[in-house]
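Reader: I would like to learn how to read a few features here. Please take them in turn.

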Amino acid sequence: MQPRTPLLLCVLLSQVLLLTSAEDLDCTPGFQQKLFHIDQPAQFIEDQAIVNLTFNDCKGNNKLHYEVSSPYFKVNHDGSLVALKNISAVGKTLFVHARTPHAEDMAELVIVGGKDIQGSLQDIFKFARTSPVPRQKRSIVVSPILIPENQRQPFPRDVGKVVDSDRPEGSKFRLTGKGVDQEPKGIFRINENTGSVSVTRTLDRETIATYQLFVETTDVSGKTLEGPVPLEVIVIDQNDNRPIFREGPYIGHVMEGSPTGTTVMRMTAFDADDPATDNALLRYNIRQQTPDKPSPNMFYIDPEKGDIVTVVSPALLDRETLENPKYELIIEAQDMAGLDVGLTGTATATIMIDDKNDHPPKFTKKEFQATVEEGAVGVIVNLTVEDKDDPTTGAWRAVYTIINGNPGQSFEIHTNPQTNEGMLSVVKPLDYEISAFHTLLIKVENEDPLVPDVSYGPSSTATVHITVLDVNEGPVFYPDPMMVTRQENISVGSVLLTVNATDPDSLQHQTIRYSIYKDPAGWLNINPINGTVDTTAVLDRESPFVHNSVYAALFLAIDSGNPPATGTGTLLITLEDVNDNAPFIYPTVAEVCDDAKNLSVVILGASDKDLHPNTDPFKFEIHKQAVPDKVWKISKINNTHALVSLLQNLNKANYHLPIMVTDSGKPPMTNVTDLRIQVCSCKNSKVDCNAAGALHFSATSVLLASLFSLACL
């Protein structure tokens, strides 16, 4: 057995990552010297030996492999550490990891006078160069255990050892924590007698980077004698993850004509390896540009930041001269600071060259011709323009304006959104007889303003010559409508008016004939030659064909063209009222009880089809004959109503009472209407009018009948 070592030796032994036999007196696997101090030179010279390392796995060093924490160094087969290129700053510490199928170990090189840089494994692993100091009054000595990820079989393999300088005989080591008795369980275990710590499977730093374990010593009953003491297991990162672009799609835009060095977009990749090492130190470059015209190097990417910028002159960045305004760049991200040994990942960046309004629209010709029939409306010509700018932008879309020749606002122009053409339309009918030709001056501009150094030129204006074609227009009545006022009931044959229609085609010298188009009541006649209108029947204001005292008729004026053209005119006749309608009463039937205490029979109303003053006030009377009737009475209520009442109760019977009503016209008109009155039996809240008995007349009517009978004898 090897004698117990002092504290410094225990710490040194704990740095050994793989011990094939902790108690072998003849050979101790690992680096023979684990710590070196070298002064920072002005520059490490390429291929010049810096230090010689000696590693022995006690098995012949078969398949020995070295890894250096900095990508700028390597270890030759003879153990010499050399720089891959001339380099000045490498940090304060370098770590060299040696590995064979039987053993592995770590050596540390302290650069005296060096400065910290990214990738220092001393920062990553929190690896203390000096020996750990055990806690006061404790004999358990532990140091952090460093284990490279992705180790291959065989497992389990020893990775470190815990030393207890004062462990009672028969006591045992016990290991606990995440990775032992907590999920993920069973990754680490400890030899309870020797304190050797072993790993049972491959580790993945990207899953768990460190494990916080605890070591204690127990007696045979399991009671803790000392501890727990923390034991940190640090998983050493291997470059096993490629950079990934995970924020795509990547689409950037740059305005045409942008200055050289304009930033377009930023591409950033993610590397799951340790960001404090070169395993995740990324460098970017452009692998391919499509298309490669007008230059194969239109863009540059900042290798560290990933910013893509333009590198060509503004003149080459002209959207209108480019073969394709869209570029696709294959961007590569490489770890290990871009060294050839680094892993790579790619993504596509799409860059759109955006248009600016640096080309004014131009008419395809200076003059356009159009023809239109007089009286017609709608599009008469499409004005075409050319514009080299992007058709999807306001730098291409055209806006047209009529700047001369449209005083009557008879024309309008609008842009066709699909073709960008100017659609010139007639919106107010043109008259050939007034003007057979029109000339318009039209300008075209863009929705977006032009860039400052570009302006609209003569090609942005055009002239449109419009020829108006003569057509046979229908005659026009004047005035229209024609209005006359006449009294109703004028004599048949009365002349109302002579209509007047003129032919707009003044140059054709055509004749006009007239006819009736609509005469709802059939009251009118028109002379086809001179247009004189007279009556063929009595005009009646109260006719159902008259509305609000106005009668409407339509006439036609037909010219002698081939084919003939027709115009329509309206005649409105306002009819003045005359007193030609007698008033009438309502209602004409009433009931009253034979024993009624209230002798009021009915309230009568009167109406008249005529207008005021040929209507109310009305005069109500009982039409009396030679002998006055002493049974009935009628009393005026207002201008349009009167009350009929009894002077005494009557027997149950039907009575006819002649009522005379007279209007206020001059001369007045009178109407006599029989009011039928039923005297009913009203007993026990029941009204019985069915057995009213024989028809009874007023006393006067009875008296007249008697006198007539006597005369016939």
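**Contacts, burial and rings**

Author: Start with contacts, meaning heavy atoms within 4.5 Å. Beyond its neighbours within four places in sequence, His438 contacts Phe411, Leu430, Val464, His465, Ile466 and Val468. This is a predicted model: local features need pLDDT of at least 70, side-chain atom pairs count only at pLDDT 80 or more, and totals for chains, interfaces and linings use all residues. Residues are numbered from 1 along each chain as its sequence is written, and side-chain values use heavy atoms, with hydrogens and water left out.

Reader: Where is His438 found? Is His438 buried or exposed?

Author: His438 is in strand β33 (residues 437–446). Strands (E, at least two residues) are DSSP runs, numbered from the N terminus. Buried means under 20% relative accessible area, exposed over 50%, and partly exposed in between (1.4 Å probe, protein chains only). His438 is buried because its relative accessible area is 19%.

Reader: Which residues does Tyr517 touch, not counting residues up to four places away in sequence?

Author: Tyr517 touches Leu554, Phe555 and Leu556. Its place is strand β39 (residues 512–518). At a relative accessible area of 47%, Tyr517 is partly exposed. Tyr517 and Thr570 are 53 residues apart in sequence, yet 9.6 Å apart in space, C-alpha to C-alpha.

Reader: Where is the place of Ile529?

Author: Ile529 sits in the loop between β40 (524–526) and β41 (532–535). With 57% relative accessibility, Ile529 counts as exposed. Past four places in sequence, Ile529 is in contact with Ile512, Arg513 and Tyr514.

Reader: How many aromatic pairs are there?

Author: A pair of aromatic rings is described by the distance of the centres and the angle of the planes. Rings of Phe, Tyr and Trp (its six-membered ring) pair if their centres lie within 6.5 Å; planes under 30 degrees apart count as stacked, over 60 as edge-to-face and the rest as tilted. The count comes to 11 aromatic pairs. Phe44 and Phe73 have ring centres 5.5 Å apart and planes at 85°, so this pair is edge-to-face. The pair links distant parts of the chain, 29 residues apart. Phe44 is buried, at 5%.

Reader: What about a charge over a ring?

Author: The rule is NZ of Lys or CZ of Arg within 6 Å of the ring centre and within 35 degrees of the ring normal. Arg246 lies over the face of Phe270, 3.8 Å from the ring centre. Arg157 lies over the face of Phe155, at 5.4 Å.

Conventions:
Helix = DSSP H or I, 4+ residues; strand = E, 2+ residues; numbered from the N terminus.
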